[in-house]
Amino acid sequence: KQMNYQAVGFGPDDLRLGVGELLSVAAGETEEDTLFASANVVLIDPSLMPQTKLIRVGRINIGVTSVIDPESITGQISDEITIKDPIQAARIAASKWRPDIVSLRVLMFYGSEEAAKKLALEVPEFKLIIVAGGAGEPTFQPVAIPGSRTKLILTGEKGMYAGLYGLFDRGEAKYARVPLTQQFEDAPEMRQL
């Protein structure tokens, strides 16, 4: 919240927490207060968490949602957590945004790169899929998925890079991956927290 995140997706470690603890962190008073958005993770009742977020940046509306691939979940999760089919859930989420209102549809995907590519072919409405849960370094540039207009960005592991995706009024986008080296000092506010 202090870093002003607008949308956060669930990872497998999050789902191993108890539902009460998850809801205390993830749920807000209103949908605008709620950081988490997931198209396929339901905590007890679908009304408790939004499936999508609409983020306005300048004059650009960005539709964001997330899915987690059930194959990426290891260990036991609570019976109060339901994981829906990621492709079907992503399709339903993408259909909520009118093309004349939302200029960019973004899917945060936790799972393998192969599963994300398969989803892109099945749900072509997403222009950008950001994939977490893979190994190695993040992609140098967004990768085009053959047979699709969707681009894919891998986040890498261990938080060694920050990915920046810049949107401009003329409709173009620029991407850069920034290595988080010692040139960035630890923020005292985050260390205190």
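This is a dialogue on how to read a predicted model of a protein.

Visitor: What does the secondary structure of the protein come to?
Guide: The protein has five helices and 10 strands. Bear in mind that the model is predicted.

Visitor: How many of the residues are buried, as a percentage?
Guide: Buried residues make up 36% of the 193. Buried here means under 20% relative accessible area. Strand β5, residues 104-110, is mostly covered, with five of its seven residues buried.

Visitor: Which strands does β5 pair with, and in which sense?
Guide: In a regular strand the side chains alternate between the two faces of the sheet. As for pairing, strand β3 (residues 60-68) runs parallel to β5 and is joined to it by seven bridges. To find this pair in the structure, look for G63, which stands opposite R105 in β5. β5 also pairs with β6 in the parallel sense, over five bridges. There, M108 has I130 in β6 as its bridge partner.

Visitor: How does the chain get from β5 to β6?
Guide: The chain crosses through helix α4, residues 113-122, and this β-α-β crossover is right-handed.

Visitor: Does β7 run parallel or antiparallel to β8?
Guide: Strand β7, residues 143-144, runs antiparallel to β8, and two bridges join them. V143 has L152 in β8 as its bridge partner. β7 and β8 form a hairpin with six residues between them. In the turn, G147 has a positive phi of about 85°.

Visitor: How should I read a salt bridge, and how many are found in the whole structure?
Guide: Side chains of opposite charge can pair when their charged atoms come close. A search of the whole structure finds six salt bridges. One of them joins R91 and E122, at 3.6 Å from N to O. R91 lies in helix α3 (residues 86-94) and E122 in helix α4, so the pair ties together parts that are 31 residues apart in sequence. R91 is partly exposed at 37% relative accessibility, and E122 is partly exposed at 42%.

Visitor: Which residues make the nonpolar surface patch?
Guide: The patch is made by M3, Y5, M190 and L193, and its area is about 470 Å². L193 is in the segment after α5, which spans 188-192. At 76% relative accessibility, L193 is over the 50% cut-off and therefore counts as exposed.

How values were computed. Residues are numbered from 1 along each chain as its sequence is written. This is a predicted model: local features need pLDDT of at least 70, side-chain atom pairs count only at pLDDT 80 or more; totals for chains, interfaces and linings use all residues. Side-chain values use heavy atoms; hydrogens and water are left out. Patches are made of residues with over 30% relative accessible area and no salt bridge: like charges are joined within 9 Å, nonpolar side chains (Val, Leu, Ile, Met, Phe, Trp, Tyr) within 5 Å. Accessible areas come from the Shrake-Rupley method with a 1.4 Å probe; for residues, only the protein chains shown count as cover. A salt bridge is a side-chain nitrogen of Lys or Arg within 4 Å of a carboxyl oxygen of Asp or Glu. Helices (H or I, at least four residues) and strands (E, at least two) are DSSP runs, numbered from the N terminus. Buried means under 20% relative accessible area, exposed over 50%, partly exposed in between (1.4 Å probe, protein chains only). Two strands pair if DSSP finds at least two bridges between them. A crossover is right-handed if, with the strands pointing away from the viewer, the path from the first strand over the helix to the second runs clockwise.
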